[in-house]
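Please read them with the sequence and the model side by side.

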Amino acid sequence: MAIKTYFSSFLHSTRLKTTLWYSLVFLLLELSIGMSIYFFLYSRLNNQLNLSLSKQASAIITYFSESKPEFDTFEPDSLYAAPEDLVWDIIYEAVALNPRNTYIQISYNDKIIYKSDNLKHIELECNTKPSKEVQIIHFVNPALSQQEIRAATVNFEKYNIIVAFPVSNIADTLNYLISLYIYLFPIFLIISVLGGAIISSKALSRIDSIIHKTDEITAQNLDQKIEGENINDEYGRLTQTMNKMINRIRNSFEYLNRFSIAASHELRTPLTILRGEIEVALKSPKTPEEYQCILESNYEETLRLIRVVDNIFYISKLDRDLLTFQMQEVSLNSFLQKVIDSVSILGKDKNITFVSEFDADINIRLDSYQMRQALYNLYDNAIKYGYPEKPIITRTE
């Protein structure tokens, strides 16, 4: 079960996804490079072949132009037993110095006067329009090659010159390149997977460190921080954000602790008084007047408990954004006076009076209930902690 869980977690892990993406990008890059090299070599080799054939055909034309042989009146002698010997002597440099074993055929007045040795008894036939410019053509001759044959042809005066070469060498070179990439593909695949695994492991090691440190932080050690927030990168910003979150959680815990202590303190006093008075009432019989006095005191403490609970509930709603406001327009002076009249009775025990010093009356928008509760708390604290027989002044300006 543990192995299955680990395997499932690994399949959905960012580390595996990063490795696969890196491998895919690496292989696509290799494929793009391979295709670029293939098409570059294809174009380069074809252009070089065309240029080589054209140069050789042009060189033959040049040699014939310089020597100007007369094949119409050719007579065998001690030097040239046949026209083919004379042609070979003229074009020797153009043939011997060319690295390619090209097929060369030269016709004079539509009569073949020279064929290179590699043609043997084969005759080249190229259906082209007569032109003094070198033309590059393609044709197929199974007797010479199974591959396509590239040829440079030119018509010069009474001469027709054909210089040809099969493209098999180009095809062999490109096929060798493809075979090489097929053999190298498993190596590229292994390199891409290993590289992706190493890179993802290095990149996500800090995430593992953050996760491990976060697991160690509990409510008892919220003062700890995750290291690395000073590094200016994505992980540093993540660490900084998480440390801020931990700090907010710590502040919330501290607030809850203070709130709990304050609430406990507020609740303990009336509850202690209630308990003591009830114990006194139960220990010995009392007169009706004494029971009446105890019940009145209990009633006051009960009201005090209700106020404390209401305040706690109010604060809870305020903290959770559950408090809604019913806004309405009221007269400020009239509203304040009503609140003062309601709380004035609370100051009689300490002979505290309420004095109103109102300026010109204005209308304001407020939630009368929420504002009245806030003012009640202010006046209650003023009475509770104020000096006896000192007036509480309410002033508007």
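1. The largest nonpolar core has 29 residues. Ile-60, Phe-64, Ile-91, Ile-106 and Tyr-159 have the most contacts inside this core. At least two of its residues come from each of α2, α3, β1 (103-108), β2, β4 (149-156), β5 (159-166) and α4 (168-216). The model is a predicted one, and this applies to every point below. As background, nonpolar side chains in soluble globular proteins tend to be buried together.

2. Leaving out residues up to four places away in sequence, Ile-106 touches Ile-60, Phe-64, Val-87, Ile-91, Lys-111, Ile-112, Ile-113, Tyr-114, Tyr-159, Asn-160 and Ile-161. Among these are Ile-60, Phe-64, Ile-91 and Tyr-159, which are also named for having the most contacts inside the largest core.

3. Another core, of 14 residues, lies apart from the largest one. Its members include Leu-332, Val-339, Ile-352 and Leu-375.

4. How many aromatic pairs does a search of the whole structure find? The search gives seven. In one of them, Trp-88 and Tyr-114 have ring centres 6.5 Å apart and planes at 20°, so the pair is stacked. Trp-88 sits in helix α3 (residues 83-96) and Tyr-114 in strand β2 (residues 111-115), so this pair links distant parts of the chain, 26 residues apart. Trp-88 is partly exposed, at 36% relative accessibility, whereas Tyr-114 is buried, at 6%.

5. Phe-354 and Tyr-379 form an edge-to-face pair, with 5.6 Å from centre to centre and 75° between the planes. Phe-354 belongs to strand β7 (residues 354-357) and Tyr-379 to helix α8 (residues 368-385), and the two are 25 residues apart. Is Phe-354 buried or exposed? Phe-354 counts as buried because its relative accessibility is 16%, under the 20% limit. Tyr-379 is buried too, with a relative accessible area of 8%.

6. Ring pairs also join Phe-64, Tyr-108 and Tyr-159 into a cluster. Phe-64 and Tyr-159 were met above, among the residues with the most contacts inside the largest core.

7. The count of salt bridges comes to one. Which residue forms a salt bridge with Glu-357? The partner is Arg-395, and the closest N and O atoms are 2.9 Å apart. Glu-357 lies in strand β7 and Arg-395 in strand β9 (residues 392-395), so the pair ties together parts that are 38 residues apart in sequence. Both residues are partly exposed: Glu-357 has a relative accessible area of 34%, and Arg-395 is at 48%.

8. Leu-366 is found in strand β8 (residues 363-366) and counts as buried, at 5% relative accessibility. Setting aside neighbours within four places in sequence, Leu-366 is in contact with Gln-326, Met-327, Gln-328, Val-330, Phe-335 and Met-371.

9. Last, the surface. Trp-21, Leu-24, Val-25, Leu-28, Leu-31, Met-35 and Phe-39 make a nonpolar surface patch of about 750 Å². One of them, Met-35, is in helix α2 (residues 14-67). Met-35 counts as partly exposed, at 43% relative accessibility.

Terms used: Residues are numbered from 1 along each chain as its sequence is written. This is a predicted model: local features need pLDDT of at least 70, side-chain atom pairs count only at pLDDT 80 or more; totals for chains, interfaces and linings use all residues. Side-chain values use heavy atoms; hydrogens and water are left out. Patches are made of residues with over 30% relative accessible area and no salt bridge: like charges are joined within 9 Å, nonpolar side chains (Val, Leu, Ile, Met, Phe, Trp, Tyr) within 5 Å. Accessible areas come from the Shrake-Rupley method with a 1.4 Å probe; for residues, only the protein chains shown count as cover. A salt bridge is a side-chain nitrogen of Lys or Arg within 4 Å of a carboxyl oxygen of Asp or Glu. Helices (H or I, at least four residues) and strands (E, at least two) are DSSP runs, numbered from the N terminus. Buried means under 20% relative accessible area, exposed over 50%, partly exposed in between (1.4 Å probe, protein chains only). Contact means heavy atoms within 4.5 Å. Rings of Phe, Tyr and Trp (its six-membered ring) pair if their centres lie within 6.5 Å; planes under 30 degrees apart count as stacked, over 60 as edge-to-face and the rest as tilted. A nonpolar core is a set of buried Ala, Val, Leu, Ile, Met, Phe, Trp, Tyr and Cys residues joined through side-chain atoms within 4.5 Å.
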